[in-house]
Amino acid sequence: MATKQTTPNTPTPPRWLNRIAMRICAPHIRETVMGDLHERYALRVKRFGLKKANYFYIREVLGLVRPSIVTRQNSSPPSLAFFNLDMLANYFKTATRNLSKNTFFTTLNVFGLALGMSLNLLFVAMIVFMYQFDNFHPNKEHIYRVITHVRDRHENPSFASVPISAAQLLKANFTGVEEVVRIHQSLPRDVRYADIKIPLNGYFVDAAYLSMFNFPLLQGSAATSLANPNTMVITEAAATRIFGKKNPMGELLSIEPYGEVMVTGVAKNMPKNSHLRTEALVSFATLASHHGASFTDDEKNWNNFYNSYAYLQLSDNLSPSTIEAFLNGIAKEKYTKPEFQASFELQRFDKIVPGPELDNDMGNEWSYQEILLMGVLPMIILLAACSNYVSLAISLSLKRMKEIGVRKVMGARKRHIFMQFVMESTIIMLLAVTLSYFFFEIIRGETLSLTTELDWIDLNPTLGTFAGFVTLGILVGFISGIVPALHFIKTGPVLALKGRELQTGTGGRFSLRKLVITLQFILSLGFTFAVLIMGQQYQYSINYDFGFDQEKILNVDLQQADPQLVKNEFGKLSFVPLISMSSHPLGAGKVPGLHVKQVAHSDSIDARTMAIDENFITNMGLHFVLGRNFSKNAGENARWIIINKVFAKKLSPDASGALGQVVILPDKREVRVVGILEDFHYASLQSPIGNFFFEYAPEKFNYANFHLQSTNERHAFLEMQSAWKSIAKGEKFKAEFLEDQIRDSYSFYNQIMKLWGFMGVLAITIACLGLLGTVVFTIKNRVKEVSIRKVMGASSGSLVYLLSKEFIVLLAIAGIFAIPSVYLLMELMLSEAQYYHAPIGAFEIVISLAFVLSLGLTTVFSQTMKAANSNPVDNLRLE
Amino acid sequence: MRRSDLGEFEEVVLLAVAALSPRAYAAVIADELEKETNRAVSTGAVHAALQRLEDKGYLNSAFGEATPERGGRRKRIFTITAFGVRTLTETRTIRNNLWDRILPEVLSKIGLDLA
């Protein structure tokens, strides 16, 4: 458009009118029309004066409103919209052509990205699963859970639970609250049926539970099943487990201390995607009738936040804030101390999972923080894969500078170039997601079987999961497309067309490519090193000298059998020398803790304890420092304890003074120290040896232990099984070697090794793929140089050195960075995780370095040697 | 004969282009028509007509010079094409023929005289 050159003596029409006129005119005729308007205006000013001319001008402007002047030309100039269909089609075409042209790099990219994404697909599937929690209840919009925020000036915990008194208060009719369901988690974990102890998960609920939530009953009625005391509803699966094929309706289960509870309903198995998922529902009336009215009404209950939950169903016209205000008004009365305050909040039912982190939740609840934490490692792997893509894309971009230059000259704006490259990376990512889906299918089952803790997850892909996958692909594509896109945007068209970038781009001391390679190898080394350290810790732990014999010690699970009977029957077997009893296996897992008191002091002492009989210490080969063992007299033994050296030092400054001292147990029993033992590892190596004592308590015995002195273990087990049959009431014989039990208690190392090992494999593969891509690219660019050098007489060796030098330096840098940082990190983690841990050895460092670097070097040399040994004529004859 | 798609206003504009040639552009044409008809003629209308005429092939156009009064904008100079000339001639012939066929006595009766 021409510029305005207004000389002082040419009159110009009012500017605002001009603006309007400009707007009205289609751009392609604007110049002429506006020129004509101005010319006539000038003429009219001369003829009629300014005022009249202005009047005419207005008429002229109005006269412009006619189709042939207003209508914009639709074909030119081209639309500059971001989403121009024609251009999108063009980008797609260019992208696919470009990808198929560089088959090698495309395959490399897609494969690497697919590997990197596999874990993320798992993560996405998990997130999708979690966002479908409790979406099957028809009135879910109206259900709220009351949660508690405590301000105690320390931790300020928030509870998913609520004092039972608050639930009670709402129950006592608050207008607009249609239904209140109280849930109490105090149900014991075991029930008895026909004198057999059976584990059963469940909780107490109000009768309205079955109508508020959508857990349909197969037998029984939702209205009455849980109305009376000592009635319960169990799920189909639990019913089959307990009663077999028998009809469970009307059967009695014994639940301590509530007595016999009758099954009055059978519910369909609860779906995995519910935070309320359980196996048994016992009527709340059971609690009330057993404990009496004080259980719900006692004032003291306001200070107990544990185990009690309240779910409300509100009517349409009652806002949750009304109830919050009501509850918090009450809370002000109840919590008068400024250092201990509590307030209540109504949590929307769909905000429970995933939701904020809450203490004492219903069990199957997942918070945002936990989800985020799970996502960290997959994200790191994906980041590695994406950085590969980005660095390769930028390397390859040098060859496409001309294309971009032409596009820019043809009028492509920054946003178009941006769009093009984002689209290209999105295509790659979607390809990768497709391939990754196969990896996902492979690792899905494997991951879920990794630990039993993942039982609750259902990762069968649904429509939502697939939508999640595609979203992930597009999102990642967009983000990783940004870097190459920006790279192209910043290059001017002239520079791009001249190809200047091509000459300077390959060199440079510090480039993104090098950084990416180094970081990826740091990651790979880190994982390898960490896995090796974990393996070392595992070996160290199970071979550790615990201070007692563990070889060939067999622990027989007593289950319901009478310990004395077991002792008699098993004593008859030839390969069993001495039978002892204990409440726990020694050195495996945790032993219960309690507080004891000395007679003279008011301060209580933390101690851990285990119940044993008089043979145990002999069987385990524990050594006495002072004192003696339990005797054959059970009545006497009950007043004695045997302590370890640490405890002895706690009781009296010189350990020997502890002998004969009296200790008061939590149940007010006074017991005397009769023996002091050398320290040994009664629990796992995770915690330090603390105050510990053995007590003699036959009612707590869970295991019979003895040395299995038999060369033929199979035969011995068969004999033991037949011996067991005469004692047990139909239970299966369960026995484990102590060594295995100890080994199992460190199985988390194995799980970590599996998980990290898999990530390590991913990281190494991705790093090597990235390295391969970069090496191949570099060599391609230098193929002529290498050929000329060779013709001039360079040896293959010197050429390999020339080409590999750069990469070897990068690998070395990675090693220098990775080893110390992983060392420090693991040292920190181990000292948290396990009190007695092995120092990280040089062996692990050397092995992991050798392993990762050899893989890296193999990648480099495979390509450089090929280039150095190729016939120079092949590369030069076309010049 | 082909139906002539030349509107009355268009015809006038086309004639004006021919008359003002080779310096015919919208502003002067509008001015000229204003003078001839004694009625206000808007530039927009002239422009629209010129565009239509060009689309129909009666006119050609090219950019001319810029002047200070136009704020430095270029003129679009219109020239009549051969097709335009022929169409004009045809219309004129039709008119003339009709004029010629009016009987002299009728002419004088309705007050129209060729003299």
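Predicted model: local features only at pLDDT ≥ 70, side-chain atom pairs only at ≥ 80, totals over all residues.
Start with confidence. The predictor gives the complex an ipTM of 0.87. The pTM is 0.71. Chain B has a mean pLDDT of 86. In chain B, 92% of the residues reach 70 or more. Strand E2 (residues 74-80) of chain B has the highest mean pLDDT, 92. Helix H5 (residues 104-109) of chain B has the lowest, 78.

Now take chain A as a whole. Chain A holds 30 helices and 24 strands. Its radius of gyration is 39 Å, whereas the globule rule gives 29 Å for 879 residues. The value for chain A is well over the rule, so the chain is more spread out than a compact globule. Along the principal axes, the C-alpha atoms of chain A fill a box of roughly 130 × 90 × 60 Å. Of the 879 residues in chain A, 37% are buried. Take the contacts in chain A between residues at least 6 apart in sequence: 81% of them join residues at least 24 apart.

Next, follow one strand of chain A, E21 (residues 670-677). Strand E18 (residues 624-627) of chain A runs antiparallel to E21(A), and three bridges join the two. Here A:Gly627 stands opposite A:Gly675. Strand E19 (residues 640-644) of chain A pairs with E21(A) in the parallel sense, over five bridges. In that pairing, A:Trp640 has A:Arg672 as its bridge partner. Strand E20 (residues 662-664) of chain A also pairs with E21(A), in the antiparallel sense and over three bridges. The bridge partner of A:Val662 in E21(A) is A:Arg672. E20(A) and E21(A) form a hairpin, with five residues between them. In the turn, A:Lys668 has a positive phi of about 70°.

Turn to the helices. H2(A) has 22 residues. From first C-alpha to last it reaches 31 Å, close to the 32 Å expected at 1.5 Å a residue. Just after H2(A) comes A:Gly49, with a positive phi of about 100°.

Which residues of H3(B) are buried? They are B:Thr43, B:Gly44, B:Ala45, B:Val46, B:His47, B:Ala48, B:Ala49, B:Leu50 and B:Leu53. Just after H3(B), B:Gly57 takes a positive phi of about 95°.

Finally, look at where the chains meet. Chain A puts 27 residues into the contact, and chain B puts in 24 residues. On the side of chain A that touches chain B, helix H2 (27-48), helix H3 (50-63) and helix H4 (67-70) of chain A each supply at least two residues. Which element gives the most to this side of chain A? H2(A) does, with 12 residues. By class, the side of chain A that touches chain B has eight nonpolar, 11 polar and eight charged residues.

How values were computed
Residues numbered from 1 in each chain as written. Chains lettered and ligands numbered in written order. Contact = placed C-beta atoms within 7 Å. Helix = DSSP H or I, 4+ residues; strand = E, 2+ residues; numbered from the N terminus. Nonpolar A, V, L, I, M, F, W, Y, C, P; charged D, E, K, R; others polar. Rg over C-alpha atoms; globule rule 2.2 N^0.38 Å. Buried ≥ 20, exposed ≤ 12 C-beta atoms within 10 Å, placed from the backbone. pLDDT = per-residue confidence, 0-100. Pairing = 2+ DSSP bridges. Expected span 1.5 Å × (residues − 1).
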